[in-house]
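These are my notebook entries from an afternoon of looking things up, written so that I can follow my own steps later.

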Amino acid sequence: MPLLSILNLVKVYQTDEGMFGKARREVRAVNGVSLDVEQGETLGLVGESGCGKTTLGRMILRLIEPTSGGITFNGHDVLAASSGDLRRLRRDMQIIFQDPFASLNPRMRVDSIIAEPLITHERLDDAAVAARVAGLLDVVGLPARSKDLFPHEFSGGQRQRIAIARALALSPRLVVLDEPVSALDVSIRAQILNLLRDLQKELGLAYLFIAHDLAAVAHMSHVIAVMYLGRIVEMGESSRVATSPQHPYTQALFAAALPAHPDEQREEIVLAGEVPSPLNPPSGCHFHPRCPKVMARCSREDPRLKRSQGREIACHLFD
């Protein structure tokens with residue numbers, strides 16, 4: 001049984017348009033997404049900006065309320081949970097945000113930042129809290145003296161280590177990583193990613209790794225899911241999706257990524273046009289106006305995820 005199971009999850013936003021906002025239109029930020037995350041494994045979620053990745057990640061913790069669908073975590077119905085039940089579930093579900101410069105309170109010292117979840121969720125004396133903070137700082141590779149400093153006294157990579165320590169304070173089973181290295185210098189990214197991998201092995205953590213850095217996703221993930229305009233278009237084992245993408249959109253994404261070796265040869269794929277507006281998505285397959293392999297039926301029929309080529313693909317080429 002998966003640790004996290006998402007079934008047909010939908011998030012619809014209402015927008016106001018026209019004079020005095022009288023005209024209302026729908027934006028389907030997430031449109032019928034289903035996926036599973038196994039204990040101790042990483043599911044990488046990739047796609048262009050605005051495709052719904054972050055919305056999906058935040059719905060899992062109910063930081064955003066879904067419009068419809070289901071979320072099951074460790075056998076519990078997350079959407080049916082009361083406020084008290086959700087509080088208990090969130091001990092096992094944590095999130096690390098994209099920007100360590102914005103996610104840490106600049107007026108709090110590091111020991112208070114890391115201790116905040118412990119004080120909120122557990123009844124511990126001061127000595128136990130201090131010991132736990134010291135242990136977490138050691139786990140993420142920061143010196144003990146860091147506890148007395150403020151966030152502005154650290155580099156971006158060190159701040160993200162503080163955010164990781166805070167997320168681990170309650171010994172969670174699932175961590176949502178929302179673009180955890182995109183705001184960091186390239187030289188620091190590998191250090192943070194390797195730290196996250198080491199922590200996963202040591203603590204048995206499950207990750208939902210949200211990113212647009214395909215190399216990082218391939219490095220971190222056991223399974224990769226590719227999103228386009230709120231839908232999953234391809235999902236499968238990381239090594240298969242990264243080395244042999246099948247959906248035309250996935251092929252274009254990986255063709256545009258930097259190769260692992262300078263001598264690696266890749267097919268050049270140039271997509272036409274821009275990403276369509278989610279306010280007015282194309283009919284049929286949302287990708288068809290940009291697809292180099294478009295067929296007549298693509299503009300009429302909406303492809304569903306089907307098992308093919310050892311993974312799930314939503315494309316009429318594989319019917």
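Which residue is the bridge partner of V226 in strand 10? I looked it up, keeping in mind that the model is predicted, and found that V226 is paired with E234.

**Entry 1: strands 9 and 10.** Together they form a hairpin with 2 residues between them, and in the turn I found L229 with a positive phi of about 50°. For strand 9 I also checked burial, where the cut-off is under 20% relative accessible area: 5 of its 6 residues are buried, so the strand is largely enclosed by the rest of the structure.

**Entry 2: strand 3 and its partners.** Next I followed strand 9 to strand 3, and saw that these two run parallel with 4 bridges between them. Here G44 has I224 of strand 9 as its bridge partner, and I noted that G44 also has a bridge partner in strand 8, namely F209. Strand 3 (residues 42-46) and strand 8 run parallel, and 4 bridges join them.

**Entry 3: strand 8.** I went on to ask what lies beside strand 8, and found that strand 7 (residues 174-178) pairs with it in the parallel sense over 5 bridges, with V176 standing opposite L208. In a regular strand the side chains alternate between the two faces of the sheet. I checked the directions in strand 8 and wrote down that A206, L208 and I210 point one way, while Y207 and F209 point the other way, and that all are buried. Since 5 of the 5 residues of strand 8 (residues 206-210) are buried, I can say that it is largely enclosed by the rest of the structure.

**Entry 4: helix 3 with helix 5.** Two packed helices are described by the angle between their axes and the distance between the axes. For helix 3 (residues 110-121) and helix 5 (residues 156-168) I read an angle of about 30°, with the axes 7 Å apart; the two helices are therefore roughly parallel to each other. Their crossing is right-handed, and the contact is made by V110, I113, I114 and P117 of helix 3 together with I162, A165 and R166 of helix 5. Sorted by class, this contact has 6 nonpolar residues, no polar ones and 1 charged one.

**Entry 5: helix 3 with helix 4.** How are the axes of helix 3 and helix 4 placed? They come within 10 Å and cross at roughly 110°, so I noted helix 3 and helix 4 as roughly perpendicular to each other. This crossing is right-handed, and I listed V110, D111, I114, A115 and L118 of helix 3 against V129, R132, V133, L136 and L137 of helix 4. By class, I wrote down 8 nonpolar, no polar and 2 charged residues for the contact of helix 3 with helix 4. The buried residues of helix 3 are V110, I113, I114, A115, P117 and L118, and what covers them includes helix 4 and helix 5.

**Entry 6: S238.** Is S238 buried or exposed? Its relative accessibility is 5%, so it counts as buried. S238 has its place in helix 8 (residues 238-243), and, leaving aside its neighbours within four places in sequence, I found it in contact with V217, A218, S221, H222, V223 and I224.

Definitions and conventions:
Residues numbered from 1 in each chain as written. Predicted model: local features only at pLDDT ≥ 70, side-chain atom pairs only at ≥ 80, totals over all residues. Heavy atoms only, no water. Axes fitted to C-alpha atoms, helices over the stretch in contact; angles between N-to-C directions. Parallel < 35°, antiparallel > 145°, perpendicular 65-115°, else oblique. Left-handed = near helix turned anticlockwise from the far one by under 90°. Contact = heavy atoms within 4.5 Å. Nonpolar A, V, L, I, M, F, W, Y, C, P; charged D, E, K, R; others polar. Buried < 20%, exposed > 50% of the residue type's maximum accessible area, 1.4 Å probe, protein only. Pairing = 2+ DSSP bridges.
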